[in-house]
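Hi everyone, thanks for coming. Let me put the sequence and the structure up on the screen, and then I'll walk you through what I found.

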Amino acid sequence: MQILFLIAVVLGLMLIGFRFGRLRSVRVTGGDARQLHSLPTYYGLYVALWCGLPALLLLAAWMALEPTIIRMIVLDSLPPDLLLQPDGQTINDARLSLLLTDIRNIASGNIASQSEPAVIAAAGRYASLLQVSFGAMVVVVLSVAMGGAAAAYRFIAPQFRARNRVENIIKMMMVACSLVAILTTLGIILSLLFETLRFFTEVPVTEFLFGTNWSPQTAMRSDQVGSSGAFGAVPLFAGTMMIAMIAMTVAVPIGLLAAIYMAEYAPRNVRTVVKPLLEILAGIPTVVYGFFAALTVAPLIRETGGLLGLSVSSESALAAGLVMGIMIIPFVSSLSDDVITAVPQSMREGSYGLGATRSETIKRVIFPAALPGIVGGVLLAVSRAIGETMIVVMAAGLAANLTANPLEAVTTVTVQIVTLLVGDQEFDSAKTLAAFALGLLLFTVTLVLNVIALHVVRKYREQYE
Amino acid sequence: MKTSPSAQTSIEIPPTAGFPLVSQGEGAKIAARDVNVFYGDKQALRNIALDIKPNEVTAFIGPSGCGKSTFLRCLNRMNDIIDGCRVTGSINLDEEDIYHRRIDVVQLRARIGMVFQKPNPFPKSIYENVAYGPRIHGLARNKTDLDEIVQTSLERAGLLGEVKDRMDQPGTGLSGGQQQRLCIARAIAVNPEVILMDEPCSALDPIATAKIEELIDELRQNYTIVIVTHSMQQAARVSQRTAFFHLGNLVECNDTEQIFTNPQHKLTQGYITGRFG
């Protein structure tokens with residue numbers, strides 16, 4: 001709350017700085033704004049930015065560093081015997097953080113597990129340090145804000161290039177924003193990478209990449225039943241690929257033909273109704289598709305298979321793949337429709353003008369011209385199919401069978417990641433670390449697909465110039 | 001010589017005195033009578049009656065929005081693909097109504113080729129661009145036949161010399177003028193009887209324009225050509241007959257020389273002397 005108030009004060013100062021900066025810029029020219037290098041607003045913005053940016057950055061830095069610094073001060077002041085175990089060793093990290101939690105709880109008036117005088121004294125110091133820190137922060141932040149504003153205010157002169165400065169600052173802010181996205185991705189990749197490396201110290205890379213047996217368990221005791229774990233990722237990727245293939249077999253023809261109908265044959269009023277309706281398919285939560293697959297499609301396939309004398313398990317790759325295919329139809333159809341519509345009308349007229357029929361025009365002119373864009377759309381749909389989890393959990397099962405028969409239960413990478421991490425788990429066993437390795441591998445696969453899709457789309461852009 | 005009875009019944013423009021129409025049977029390649037075109041509720045053309053003679057270049061001139069392109073596109077039924085466009089009246093090609101139910105629009109367009117305002121080669125190789133029409137109409141029995149059709153078409157379009165070493169390069173990589181000649185070659189390859197050209201030089205520089213105009217004059221030997229143009233000099237240079245359109249009406253149609261030296265109607269006179277348009 002207090003922090004929010006402080007931020008509000010800084011924002012208020014910025015507003016005041018803006019007003020004064022703009023006023024002064026007009027005043028320094030004696031009221032003739034045409035003599036200024038930039039519009040008066042830019043001088044106002046310049047003052048406001050110098051007022052707000054350093055102060056807010058300082059505030060953020062302060063809040064990030066404050067807990068660490070206070071913790072160090074409090075720990076230094078604790079009597080040394082509190083930090084020792086009965087056997088004379090320094091206490092471990094877990095106990096230390098317990099102790100600090102106690103201090104913090106006492107300081108904020110909550111119930112704590114200890115009430116030793118030394119701890120209570122430390123809590124008192126902790127509370128007072130917090131107060132001092134906050135007071136200091138308010139003073140420093142506000143003085144930086146006012147100092148910045150005053151310095152910028154003094155800079156204002158008719159020849160001062162406020163617009164260029166403001167535009168530069170704004171440009172830097174945009175760079176910072178894009179950095180956030182990039183750094184987040186980088187952070188995720190790195191954390192995946194390090195956990196994966198830890199996993200590979202316990203399970204050999206070759207077993208993970210080429211092993212055909214997936215049975216992720218680690219023994220607590222050596223004589224335990226089922227103690228032998230196996231981490232071969234091949235069945236998972238085979239299952240993923242099979243389900244994605246089935247899904248694409250459904251989605252590509254249906255989506256593509258729907259797109260061609262919408263773009264080339266449908267009257268305009270039909271198209272305006274049908275296209276949004278198809279896109280609604282993309283808005284249905286995947287869990288809804290999941291129980292549709294599990295409760296309707298899977299039993300249907302099993303009964304049909306039974307009539308034909310085939311043995312179909314009640315959870316099958318086919319059921320999951322079919323429903324997933326329905327789910328990604330809108331990706332294929334909508335993107336392809338956009339690409340087909342983007343083919344210039346002059347191409348169609350050129351072809352019709354030569355006496356080509358509509359279908360000849362579509363097959364020989366429109367489709368080849370739109371092909372790269374269509375491929376891009378299909379690849380996006382493939383990455384979507386590979387990443388899909390819910391439908392597979394519900395309809396295809398958890399058994400990691402290495403099979404080419406779509407009537408059997410299979411499992412996919414994403415499903416296994418979920419099951420590995422659900423429930424009470426230690427975060428240093430091979431079982432949980434395997435999730436990171438799977439994640440990294442899956443990420444690599446989808447990344448490669450996306451790169452290909454982007455590349456194809458870029459190539460398409462160069463086609464008509 | 002006779003004046004079509006239904007011609008020029010509109011309000012602003014009275015029937016012109018000198019309105020020489022070739023009546024059907026007197027060798028008109030295309031004869032249009034009572035043609036009205038509507039885009040939705042808006043009427044774009046009123047009671048057009050016009051004859052187009054074989055092996056001549058007929059030019060349509062007139063200010064923007066006068067309906068000359070619309071009329072051109074009626075002649076090979078390209079207006080069919082525009083939503084809400086309706087055509088009434090009759091247009092006969094060799095005494096056969098092209099709007100009759102029995103007419104296959106695909107065959108019609110093979111007989112009446114078209115070249116567009118903006119060069120629109122397909123994003124295929126030069127060879128494939130020209131081979132497109134013969135392929136879909138099955139005009140070549142084998143590869144040698146097809147090669148020959150492509151060669152002669154490019155030759156006739158005056159492009160062969162410039163592209164014979166790079167037939168497998170994309171047609172979109174040519175210059176604007178070359179692209180337009182490629183489109184003409186593409187139209188010729190189907191061996192049409194009539195070629196419609198919708199402002200074929202408006203996107204080209206003067207040198208490319210000169211080449212196309214020369215080409216049009218040569219093509220007249222074998223084809224009937226109808227050209228829409230904004231440039232009166234172009235109409236004067238390439239055409240034998242000129243039709244002047246204004247606000248959806250056909251104001252005057254006569255020998256080009258007559259139109260430019262002795263226009264019968266004061267609107268025509270105003271337009272060719274540059275008083276409006």
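Let's start with E162(B), which counts as partly exposed because its relative accessibility is 31%; the partly exposed class sits between buried, under 20% relative accessible area, and exposed, over 50%, with a 1.4 Å probe and protein chains only. E162(B) makes a salt bridge with R181(B), and the closest N and O atoms are 2.9 Å apart. This pair links distant parts of the chain: E162(B) belongs to helix α5 (residues 160-163) of chain B and R181(B) to helix α6 (residues 176-189) of chain B, 19 residues apart. R181(B) is buried, because its relative accessible area is 5%. By salt bridge I mean a side-chain nitrogen of Lys or Arg within 4 Å of a carboxyl oxygen of Asp or Glu. Helices (H or I, at least four residues) and strands (E, at least two) are DSSP runs, numbered from the N terminus.

Some housekeeping before I go on. This is a predicted model, where local features need pLDDT of at least 70 and side-chain atom pairs count only at pLDDT 80 or more, while totals for chains, interfaces and linings use all residues. Residues are numbered from 1 along each chain as its sequence is written, chains are lettered from A and ligands numbered from 1 in the order in which they are written, and side-chain values use heavy atoms, with hydrogens and water left out.

Back to the charges. How many salt bridges does a search of the whole structure find over all chains? The count is 21. As a reminder, side chains of opposite charge can pair when their charged atoms come close. Another one joins R111(B) to D94(B), with 3.3 Å between the closest N and O atoms. Here too distant parts of the chain are linked, since R111(B) is in helix α2 (residues 105-111) of chain B and D94(B) is in the loop between β4 (85-93) and β5 (96-97) of chain B, 17 residues apart. R111(B) is partly exposed at a relative accessible area of 25%, and D94(B) is partly exposed at 38% relative accessibility. Both residues also belong to a network of salt bridges, together with K29(B), E96(B) and E193(B). Then there is E128(B), whose side chain meets that of R135(B) in a salt bridge of 2.5 Å, N to O. E128(B) has a relative accessible area of 27%, so it is partly exposed, and R135(B), at 35%, is partly exposed as well.

Now some backbone angles in chain B. Most residues other than glycine have a negative phi, and most peptide bonds are trans. D34(B), though, has a positive phi near 55 degrees. D34(B) is part of strand β1 (residues 30-39) of chain B. N55(B) has a positive phi too, near 50 degrees, and is found in the loop between β2 (42-52) and β3 (57-61) of chain B.

Over to chain A. The domain assignment, which is automatic or from a database, gives domain 1 (2-160) and domain 2 (230-464). Their C-alpha centres lie 50 Å apart. M137(A) sits in helix α4 (residues 117-155) of chain A and is buried, because its relative accessibility is 2%. The C-alpha atoms of M137(A) and L58(A) are separated by 8.9 Å, although the two are 79 residues apart along the chain.

In helix α14 (residues 413-421) of chain A, the buried residues include V413(A), V415(A), I417(A) and L420(A). After α14(A) comes G423(A), with a positive phi near 95 degrees.

My last stop: which helix gives the most to the lining of the largest pocket? That is α7(A), with 4 residues. Helices α7 (234-265), α8 (268-283) and α11 (345-353) of chain A each supply at least two lining residues.

Thanks, and I'm happy to take questions!
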